[in-house]
Each structure stands twice: as C-alpha cells, then as structure tokens.
Amino acid sequence: MGQEITAGINAREHRQRYREKVQQCVDVLERMLRLKDFETSEPQAGLEIELNLVGPDMRASMTNEHVLAQIDDPIFQTELARYNIELNVDPEPLAGDRGLDLEAHLREHLDAARSRTGDVEIVTVGILPTLMPEELTRDAITPSPRYLALDEAIMEARGEDLLLDMEGRSGERLTTFVDTIAAESACTSVQCHLQVAPVDFAASWNAAQAIAGVQLAVGANSPYLFGRQLWAETRIQLFHQATDTRPIELRNQGVRPRVWFGERWVTSIFDLFEENVRYFPALLPEMSDEDPVQVLESGAAPVMSELTLHNGTVYRWNRPIYDTVDGKPHLRVENRVLPAGPTVADTVANAALYYGLVNALVRQERPVWSKMSFAAAKENFFAGARRGFNAHLYWPGRGDVPVDELVLRQLLPMADAGLEDWGVSTKARDRYLGIVEDRCKAERNGASWQVACVERLEERGANRDEALRRMLQRYIEQMHEGEPVHTWSLPR
C-alpha cells in the first residue's frame, strides 16, 4: 500500500508549490549522496505480495475491508480495489536458511488468513482470470483518499476515457474503453525490495533492468484478461494502458508514459529522481511542513514525503526508493516485474533467481550493461512478457537464445554464485533455484499451465467462461497444496 494522503487536496492550488518542493528534495538528496551516511548493513531483502479475493462463484469478491477485519493480522493491508489485499514482509538478511524461513512464514500467514475468510478465497495470480470489465467500475476502488484522488488525477490529466487495446499471440484481441483506473487493480504483483549502499545503487538497478525480460519469461502468470487469451504476462501491457495519462496526441509527440521501463542505464540513483522531476507532472500534490534543507543541516535525515509521493506515481518496473527507518536513511531497488503466484514456493524461487542474478551481475568485472544496449534490455522485457517460455532473448556473447537455454546454461549458475556470495545456504539455493531449473526443463510456468488447462477444458466442450472458472478452481486447489506450478496436473 502506498503513502496515504489528505482528502480533498486542491491540485491546482498546490501544483506549483509542490513542484518546487519536490525539486528542493531532489537537491537535498544530491547533497545527502555526497555527505550523508546511509544504512549499509548486510544485504536486506523484503517482499510485497498483492492478492485477489474471490467468492464461491470464482468471481471477484469486493470484500477486502471485511476480510481484513476477519484476518486481523497487520501483515495484510488494503490495495487499490476492493477485491485486492496486500501481504507485506519486512526486509531481512538473505544469508543462511532465510529463504526457507520466508516460505514457511508466508505459508503460515496465508493459511491462517484462509481459515478466517469463510467462503472467500485468497488467490495469488498475476491477473484474476475470471475478472470481467463490468466489475471494474469506480465503485470497485477501495474508498481511500489516496486511491480516489489518484483515479481522479489520472482521468483528469488524460481528459478522456482510457483505451485498453491488446492482441495476443493466439490472435485473440481485447479493445475497450474504461472511465476509471480500476482496471489497474487487475495487475497483482510481487515486489522484491533490495537495500543497497548509494555506491552500489546504479549497478544494482542496471542489473535488475538487464534481467527483467528473463524474470517475465520464466515467471509469467497472467495470460487472460476479460476472457481473452493475450500475452503470457498481460499484466505488463494492462498496467501501462490502465494508468496512461497521455491522450493519443501526447503519445505521438513522444511524451513518456508513467508506467515506464526507462531509456538508459544510470550512474546514480540521482539520475532517476531527476528524471521524475523533469518528465512527470504531479498527480497527488500533497505538501508536508518539513523543511528538508533545515532538517539536513541540523544533522538529521529528512523524510522528504513529497519526493517519495511523487516517485510513487511514476511506475518504473524497477523503482528507486529513498526511505528512513529510525531516523537513518537508506536506498532500495524495488523490483516490480514479477506477477503474484502461483504458489509461495514459486514466489520465493522467483525472488531467489532475481536476488542471485543481481548480485552476480553487480560483481562482474565488466558489467553486462557495458556490453548490452538499453534498447536490447527493453526488447527482452517485452519479448518475455509476450511470449513467456516461447521467447528468444538477447544476451551478450550468446546473441538471441531461447529463454530456457539461457537460464539453464548460463544464468542459473550465476544466480547460484550470487546467492552463495551473500551467504545463502546450499539447502536454500538448491530448493529455490532447483524449482526454476525444473520449471525451465518442463517449460511450465503459471501462464502456460493456465492456457493448457483452459484449452483442455474447451476441447471437452466447455465455453471460455466456464473453462476459466473451472481452471481457477483447480488453480486454487493446487495453489493451497503448495507444490510448484511445474508439477501441477491438468484435467484428464
């Protein structure tokens, strides 16, 4: 859940002052990067997992406030829509068996939550496959000042309804207009946080960008939207279109979208916050009373809520994070590439691949981003999203290579070395990287399993709506059993 805001802010009145305050915060951050001590303890990793709620009919259940009251566990919070909740795991060191502990911790909280939700199921999936457009009206948005103000700000900035226009590899196409950002709530993700020292931030962010296409191809879990089979990870294009503040004329002029892969490798976290100010107008111009210059000159670390709130409305797939804990500033890379699910084991395995590869790439003598154009990384990103395990990705020294071959022959050994360097136990490395290995050998991720299951049901006479409902029932059963998706069975 993002930073909350005050209800009833007047965007027109605040906009100029807010722009000046954000610029002031960026200037202060630049000074801090030169002068201030940041938290640089052993590598810390945290997770946020966005979840869907469904009723007995396998449709979205708009009951998050009631469900959260029943769960009564502060690890769960509200999200954008009333059929979403979020599970937050505080950052912890990666060393030893922490990955195994994380899996057990997540399972424990999800099982406990499930026992209290009655006939409402909690589902970890990139896009709820049974979701339909009529369910995503403004009434579906959680009644929070932040979410309602964001919806109003994006729709006002755009000046017209949002166009969702996507075509799948199967030839199926979705074209529809929506008058709210509620469709963005369909994009349920896992966010991996990695705390890094300022000197290491640029390399860590560049590494995360370089492997984003691999993450999508291996972990895709969003093949259906509004009854259509589209991309392996349709969530990528949906998120891009469902929050697009640009009418077609501004897109034609090359104005940057707020959901943004980026356009260059960086040399500092400052580059990204500077781009935020240069390219993106405020959506939620909420002002605080803090004087960041005065706070810094007093020897303390400013909170800089304007900087963080503005950054929260620029939806980079790898987002820079500035934050303070107990008065100590730190920096994080927030990786937002992965979809939720299918299981807790798959989620931790996806995170292990990410963390291991980032560390391995950062430690290379000649980094991959010095041998690979940013355009190639962006092409990999969209190829992985469209095609999943059918994608061919570019990698320096190998050219265009099938994703399973790239991961099995080159990237898994690198990830293993990266995790070992961070002190991750052999047992944890073998479990989670072994899941990724077996997934690649089977060419079976959440997206390919969903498509295979629906096709099997349609071959037996089910229409698409019925096939999606029955597939989701089977998905939920096997999700709660907890075995990785590459082992899941299909209808006989």
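Q: Why is Thr-324 called buried?
A: Its relative accessible area is 19%. Buried means under 20% relative accessible area, exposed over 50%, and partly exposed in between (1.4 Å probe, protein chains only). So Thr-324 counts as buried.

Q: What kind of model is this, and how are residues numbered?
A: This is a predicted model, where local features need pLDDT of at least 70, side-chain atom pairs count only at pLDDT 80 or more, and totals for chains, interfaces and linings use all residues. Residues are numbered from 1 along each chain as its sequence is written, and side-chain values use heavy atoms, with hydrogens and water left out.

Q: Where is Thr-324, and what is it in contact with?
A: Thr-324 is in strand E12, residues 318–325. Helices (H or I, at least four residues) and strands (E, at least two) are DSSP runs, numbered from the N terminus. Contact means heavy atoms within 4.5 Å. Leaving aside neighbours within four places in sequence, Thr-324 is in contact with Ala-301, Pro-302, Val-303 and Pro-329.

Q: What makes Val-333 buried?
A: Its relative accessible area is 0%. That falls under the cut-off for buried, so the label holds. Val-333 lies in strand E13, residues 328–339. Beyond four places in sequence, its contacts include Trp-205, Asn-318, Arg-319 and Tyr-354.

Q: Why is H6 described as largely enclosed by the rest of the structure?
A: Because 8 of the 8 residues of H6 are buried. Among them are Ala-212, Gln-215 and Leu-216.

Q: Why is Asp-101 called partly exposed?
A: Its relative accessible area is 44%. Asp-101 belongs to helix H3, residues 98–114.
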